[in-house]
Amino acid sequence: MASFSIEEFVGNGALKDLVPKLLEEGWDDIPTLKIMNSEDMNAINMTQNQKDALEIRSYLHDRDLMQYGDKLESFGKSLPELLNVDTLALSSQFGIKRGHIARFTDRLSACGIPSPRTNVLPARKRSTSHSPSVSRRDLLSVNSRRMQSTKSHLKSSLSINAPYELSISDMKIKDGHIYKGIVAAEPAEPRLCGCIQPPPIADDVSPYSAIENISVQKLTPEYKIGMERLVKTKTPPMKASGLWRDKPVILLCIRRPGCIMCRAEAHQLYSRKTFFDALGIQLIAVLHEHIDSEIQDFWPRYWGGVVVLDQNMDFFKALGGGKLLKDKFLTGFVFNPRAIANYKRAKAMGLEQNFRGEGEIKGGLFIVGNGKSGIAYQFIERNFGDWAPFPEITEICTRLQKPEQDHPGKIEESPEG
């Protein structure tokens, strides 16, 4: 998957000199930069070459083809013009490998999971002509969306999205109320014809008391343009409750940052940063061991959010109902068809991987409401490489925002409270 490093995104083309201006105007990370529309570009006086460059690079980033950014940009053509070049010329003139041409010319698909419908404009029908032409406006409608428009569209859609709310309508989110959240996991597949039983998992969501006093240490900030790659000075430990004191948070507990399946999950989640920004949800990755080289490889290439260290593995113990959920490579992966399918899914994305660090401790995901409202959702990595389904994450995060939407600045207590 394409990197979230801004230096790799802009390359050596027309956008390179624009980076200070982008930072000044708040277009300071790749997910946000990719939702710029023509009005936003005009507001910061982008030249036509810069507009074309952003359009090309956003398109390439979605398809994990950023290695061709400088080359394609240097020919001085717009994206619609490049998409109408025949495949032979793409290979001979532009240097695109034949195996990548199909990915480049597929105008409707991008690598990974599509963005949620509330975060994109309606898709336009693909032409059935043998030589389809694509207008600049059509392409911008797919890749561009101003942040303010995204927020306003999301807020209006929350009241319409009844299916999301009905399935968790009994979930109470009130100031000072510790509510029972939802615990989820993928099903357990039979292993070795049923001879090997998967390790048991917790049926109930962890109590809030199990996570509020966990000691964590911040390893990286949220990635922005021009930011130092790691926290230079060692930050003191802090209580985990400080992470969600003011805003809800998604905590992605990563088994091993060099694992290809963990990297794929992190990339897919962070690629939707603008969606979570619009909902007021933070994105934080939690590691259980500190290996500098692994963090530098992981951040910001696969994850541009904050990274914290849980050295005592307390978040991971909470996922396991009070003890670490572990599995062996042979029984948990080699003899587990679901884990192998998860590996193939990640491998198909073209990610790099390594085998450094501890990889048997299962991870998962928490969604925690702000203040002391509690754990809204808990996903357990039952099989190596299981991801929390994005529709479930969307559902919970949408619901978390609802009280603030109805009562800005105040969360009312219910009559029974």
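A: Cys-253 has Val-286 as its bridge partner in strand S5. The model is predicted: local features need pLDDT of at least 70 and side-chain atom pairs count only at pLDDT 80 or more, while totals for chains, interfaces and linings use all residues. Residues are numbered from 1 along each chain as its sequence is written, and side-chain values use heavy atoms, with hydrogens and water left out.

Cys-253 belongs to strand S4, residues 249-253. Strands (E, at least two residues) and helices (H or I, at least four) are DSSP runs, numbered from the N terminus. Two strands pair if DSSP finds at least two bridges between them. S4 pairs with S5 (residues 282-287) in the parallel sense, over 5 bridges. With strand S7 (residues 364-368), S4 runs antiparallel, again joined by 5 bridges; here Leu-252 is the bridge partner of Leu-365.

The next topic is burial. Buried means under 20% relative accessible area, exposed means over 50%, and partly exposed lies in between (1.4 Å probe, protein chains only). In S4, 5 of 5 residues are buried. Val-249, Leu-251 and Cys-253 point one way from the strand, and Ile-250 and Leu-252 the other way. Cys-253 has a relative accessible area of 3% and therefore counts as buried.

In soluble globular proteins, nonpolar side chains tend to be buried together. A nonpolar core is a set of buried Ala, Val, Leu, Ile, Met, Phe, Trp, Tyr and Cys residues joined through side-chain atoms within 4.5 Å. The largest one here has 82 residues, and Ile-250 and Leu-365 are among those with the most contacts inside it. Helix H13 (residues 260-270) gives the most to this core, with 7 residues. Domain 1 (6-105) and domain 2 (182-401) both give residues to this core, so it lies between them; the domain bounds come from an automatic or database domain assignment. Phe-276 is in contact (heavy atoms within 4.5 Å) with Ile-250, Leu-269 and Phe-390, among others, leaving aside its neighbours within four places in sequence.

Finally, Cys-259 lies in the loop between S4 and H13. Cys-259 is buried because its relative accessibility is 4%. The closest cysteine sulfur to that of Cys-259 is in Cys-262, at 3.6 Å, which is too far for a bond. A disulfide is a pair of cysteine sulfur atoms within 2.5 Å, and the structure holds 0 disulfides.
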